[in-house]
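Good morning, colleagues. Please turn to the sequence and the structure on the screen.

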Amino acid sequence: MSYLGVGVSPGNVPVYHGSNLKAVDRKVRIAELVLRCLICGFGVLAAVLIGSDAQTKEIFSIKKTAKFTDMKALVFLVVASGLAAGYSLVQVLRCVVSMVRGSVLFNKPLAWAIFSGDQLMAYLMLAAVAAAAQSSVFAKFGEPELQWMKICTMYGKFCNQVGEGIASAVFASISMVLLSGISGFSLFRLYGGNKGKSSGGW
């Protein structure tokens, strides 16, 4: 069924045809490019803030340095943020090339690969942020029942910078979730009726 150039698939997903498809695809591409740039930027920022964080304190004449490697959750977050940033950078280059060529994504295997990659990165970032946030709560407030100390009372600068890194990772995660929705739309619109033709396979 179609109305004003818009087809509706059995799953009620709008499928745009002809010039409308080009216009909608361009808007989707711009939104995708902006989100991928944000993910890349916030991912790098999170990895740098947490990965470079360290603070040394002298306790009973013994110097102890707090580093992100002391908390496995922070190591996980640094790795996940770095992977998300690298993945997004590659996808940014793909988006730029396809926009310059003026092509529309009609390649289903490629669309599935992009969708799967975006989903994987979104889940990875959400898991890493959740783990780091939980560990940070323990570091901030301690756990009296288990006699865990409030680490942030001694390493305030370290905790503040970790907090900034986690905040950056949260923004990257939100952008990744939004991006997953966009890649899902780009994929499932291909399964509607008459898709129109394009010379590009991007």
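Let me begin with a definition: a helix axis here is a line fitted to the C-alpha atoms over the stretch in contact, and angles run from 0 to 180 degrees between N-to-C directions. Helices (H or I, at least four residues) and strands (E, at least two) are DSSP runs, numbered from the N terminus.

This is a predicted model, in which local features need pLDDT of at least 70, side-chain atom pairs count only at pLDDT 80 or more, and totals for chains, interfaces and linings use all residues. Residues are numbered from 1 along each chain as its sequence is written, and side-chain values use heavy atoms, with hydrogens and water left out.

The protein contains 4 helices and 5 strands, in the order β-β-β-α-β-β-α-α-α from the N terminus. Of its 202 residues, 40% are buried, that is, under 20% relative accessible area with a 1.4 Å probe, protein chains only.

I now turn to one helix pair. The axes of α2 (residues 72-101) and α4 (residues 156-188) come within 11 Å and cross at roughly 40°. The pair is therefore oblique, the class left once angles under 35 degrees (roughly parallel), over 145 (roughly antiparallel) and 65 to 115 (roughly perpendicular) are set aside.

Which residues make the contact? Helix α2 contributes Leu 74, Leu 77, Ser 81 and Tyr 87, and α4 contributes Phe 158, Val 162, Ile 166, Ala 169 and Met 176, contact meaning heavy atoms within 4.5 Å. Of these residues, 8 are nonpolar, 1 is polar and none is charged; Tyr and Ala are among the types counted as nonpolar, Asp, Glu, Lys and Arg count as charged, and the others as polar.

Key. Buried < 20%, exposed > 50% of the residue type's maximum accessible area, 1.4 Å probe, protein only.
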